[in-house]
Amino acid sequence: MTEREAYGRLADFIQDYIYDKDWEHLNTMQIRAVEKVLEKKDNLLFTAGTAMGKTEAALMPALTDLYEHPVDSAGILYISPLKALINDQFWRIEEMLAGTGLAITRWHGDAPFSGKEKLLSCPCGIVQTTPESLEAMLCRHPEQVRILFSGLQYVVIDEIHYFMGNQRGLQLLAVLERIRRIIRRDPVRLGLSATVGDAGSALDWLSAGSGRSGSVIDYQEERRQYLVSVTATRIKTAEYPSSYGKKILAQSLGKRVLLFTNSRRECELLVSQLRRLAVGAGYPDCYHIHHGSISKSLREETEFRMKTAEGPVLTGTTLTLELGIDIGDLDEVIQAAQPLRISSMVQRVGRSGRKTLRSSIAFHLRYFEAADGAVENLDLGLVRTVAMVELYFREKYLEKMKRSEYPMNLLVHETLAALCERGCLHPPQLAQAVLELSVFGRITQEEYKSVLRSMFRKGYLKQYEDGAIGLSDSGERICCSLEFYAVFESEDTFSVRCNGQEIGTVDRAYKAEESFFLAGRTWRVLGCDLKRKRMDVEPGSAGADIHFNGRGALYTDRRTMEKIHQVLVSEERYSYLDEEATEILQEIRRTAGRLGLRKLLAEEPGTDNLVLFPVLGTDTIRTLYYLWNSNGVVCEKVALRGFLYGLRLCSVGRRELRRLTVRMLDSGCRVDRDLLLRKERVEGKYFEVLPQELKYRQLKEDALDLGGAEAFLRELVDIL
C-alpha cells in the first residue's frame, strides 16, 4: 500500500485532522498500520521511538473501521498504565473525533461521573481506562461490561513495556480474558511501546489468552540524533555538595529541562538546592517537582507550566514523567545518578528533541570516594552508566522482560475476584473460572487446592452446605476495599495540607515543630492527626530533609554485566565523558585491578576467603549465593554501593570449594527453602497467604536463575 492509498483509505475526518495538523506525510509504520489493522486478523505490536506516532498509527485505522461499521457499544478499549497519561491522551483524541459522533470517555477514579453515566446510557466510541478500573467494574458491576463492550472491536494497550514482567501486567491479561468470556468476542489487541527489548516475547505477552496470532510493525527513525554527555563530581562528606548542584544549574540555565532522579528524596533535595543556588545568583525561580507523593493538583499545575511556559523551566521528577505525558518540547534531559535500567534511560532521553529530532541527555553523576580500601566501597556508578550508554546508543540493545510463570499470589487475588464477580461457585466451577486463565497455565489443580485450603485457614473463604465456595465476611471486606483492585501494595501515607490545600503525602508522621521538604519547599508541622493520617503545615525556613520508603531496584542483566566488565578491563576512552569523569574512570580501573575485580576468582588479602566476580546477571549471582549457602559454603554478597557484583566465599580454599561444588552438582542443585523464604519476597499482595511450598516455588521462578547458575558452576569446576 502506498502512502496515497493509505491516506485515501482513512475516514474523511481523519484526513481533515492530518491536514489541519500540517503533517508532511504518513511514516511507514502508519502506512503499514492502515492495511494491517483494517484486516482485523492479527494482534499487532507497534514498536517505535517516542513521538514517532504509534498512537495515531493504531487509532487512525481503528477509528476508520469504527466510523464505517458502527457497533452498539464501545468499539475501542484504550488501556494505559497511568491516569495522568489517560487525561493527557484524552484531549488529543477528542480533538481528532470532533464532529464525528464518536465519543471518547475516561473511566477511572478521578474521571467525571457524568461522562460515565452518559456512556452507560449510550455506549459508543473509545473508553480509556486502567487495569484497576476494569477490575473494579468486573467485580462490582459485571453487567456494565456486557453493556459497554458487547461489540468491542479493538483493545489498545499503551506503554506495554510498563506492564510486562510484573504482577500488574499479569492482572491485565487476566482481566482481558474475563471480559472476553463475558462478551464472547475476541477483539484485536494493539500494543504500543518505545522500549521493547525482545519483540517476539512482547508479542507473545500481548496475545496471551487471545484467540489470535500476532505480528510486529516496527519503525526506526534514522534522522534522530542523540547528544550524550557524562560529568562526574567527587563526593566525600556532603551528599549533594554545592559544586554538584552548580554543574546541573549551569547545564540547565536558559533551557526547558526535565531532571530525572532515582528517588523522591533525591528529587526533593536537588530541586531545593537548585532553586536556592539560582535565586541566590539572581536567576528567576522556574523550578518545579513532579513525583508520586505530590498531590494531583500540584502535578497538573506543573504539567501546565511545563507546557505553556515560554522561558526556561526545570522540573525534577522520577517515574511520573518518564512516559508520554505532553509537557511540550524539551531542550534537554538531565539524569542525576546512574540509570536503573536501559529501557528507563531510553524513555527519558526520548522526552527531549521531539520537534528537532535531536534528543539530548546529560548524566550528572556523583562519585563516592572510598574512605578505605574495602571492595564494597568502590563506586561503579560511572562504569555502569558508560556500559548502558554504549549498549543502547551504539548497539540499540534493550533488556528483555521476564514473565512470571507461577504467579501464586495473583492466584489468590483472582480467586477473590472471581467470587466477588460471580458469587459462590462449586469447586469445579471455581477452578475452571480461575485456572483456565492463561496466566495460570503452569499451575496444577493440586497446587490450586493447596492455595484454597490456605485461604480457608486465613478466613478469606467459607463453604456452604451444598459444597459451594463463597467469600467470608473477612473476604467480603477485602473485596469491598478500594485497595483490592490493585495487585500492588499501597504505601501507608500521611496527607500533608497547608491552609486546606493538599501538598502531597509522606511515609511517616512528623511531630509538631519538625520541618521537612515536600514539593520542593520546606514545611513546618503545626499538628498531626494520627487517626485521620493528616498533617497540617505552614511554610518553613529551617533546614530540613525528607525520607520516603523504598527505592528502585538496581537490577542488571547478563549482557549489561558483560559490557560493565568490558568497560572496567579496557583502556578505552569515551568522548562524551568530561575531564573529571575521564580521570575518575581511570582511577576506578586501577582500583578494580588492585581489588581483583578484573579476575573471576581471587584470594582476599589478609583472610582465608575467596572473592568471586562472575560476569553474570543479578538473578544468577543471587542464585549462586543461595546454592552455596544451602550446600555447606558460607557465602556473602559483595554489593558495591548497592550494586550486586560478586560473592565472598568464607574460610574456604580452591580445592575445598571445588569438592563442595562438585558434590552439589552431583546431588542436584537445590536451594534451601527456609533460607530463601527468610531472605526473599516477591512483589504484590497475598504472598503471606500462600503455603510455604508454593511461596518457595514462586520465589525460585521469580527471583532465581537455577539453569544459568548450574551452567556457571560446571565451568567453574573446570577452572578450579
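# Exercises on a pocket and its salt bridges

In this predicted model, helix H4 (54-68), helix H5 (83-96) and strand E6 (188-193) each supply at least two residues of the lining of the second largest pocket.

**Exercise 1.** Describe the second largest pocket by its volume, its central residues and the classes of its lining.

*Solution.* Begin with the volume: the second largest pocket holds about 1400 Å³ of space. Next, consider the residues around that space. The lining consists of 42 residues, and those closest to the centre of the pocket are Ala 51, Met 52, Gly 53, Glu 56 and Arg 354. Among the contributing elements, H5 gives the most, with six residues. Finally, sort the lining by class: twelve residues are nonpolar, twelve are polar and 18 are charged.

**Exercise 2.** Explain why the pair of Glu 332 and Lys 255 ties together separate parts of the sequence, and classify the accessibility of each residue.

*Solution.* The closest N and O atoms of Glu 332 and Lys 255 are 2.8 Å apart, and the two residues form a salt bridge. Glu 332 lies in strand E12 (residues 332-336), whereas Lys 255 lies in the loop between helix H11 (242-252) and strand E9 (256-260); the pair therefore ties together parts that are 77 residues apart in sequence. For the accessibility, apply the limit of under 20% for a buried residue. Glu 332 counts as buried because its relative accessibility is 5%. Lys 255, with a relative accessible area of 27%, is partly exposed.

**Exercise 3.** State where Glu 656 and Arg 659 lie and how many residues apart they are.

*Solution.* Both residues lie in helix H23 (residues 654-667), three residues apart, which is about one turn of the helix. Glu 656 is partly exposed at 33% relative accessible area, and Arg 659 is partly exposed at 44%.

Note on methods: Residues are numbered from 1 along each chain as its sequence is written. This is a predicted model: local features need pLDDT of at least 70, side-chain atom pairs count only at pLDDT 80 or more; totals for chains, interfaces and linings use all residues. Side-chain values use heavy atoms; hydrogens and water are left out. A salt bridge is a side-chain nitrogen of Lys or Arg within 4 Å of a carboxyl oxygen of Asp or Glu. Helices (H or I, at least four residues) and strands (E, at least two) are DSSP runs, numbered from the N terminus. Buried means under 20% relative accessible area, exposed over 50%, partly exposed in between (1.4 Å probe, protein chains only). On a 1 Å grid over the protein atoms alone, a cavity is a set of points where a 1.4 Å probe fits but cannot get out, and a pocket is an open set with protein on both sides within 12 Å along at least five of seven lines; lining residues have an atom within 4 Å of a point. Grid points are joined across faces, edges and corners, and a volume is the space filled by probe spheres set on the points. Ala, Val, Leu, Ile, Met, Phe, Trp, Tyr, Cys and Pro count as nonpolar, Asp, Glu, Lys and Arg as charged, and the others, Gly among them, as polar.
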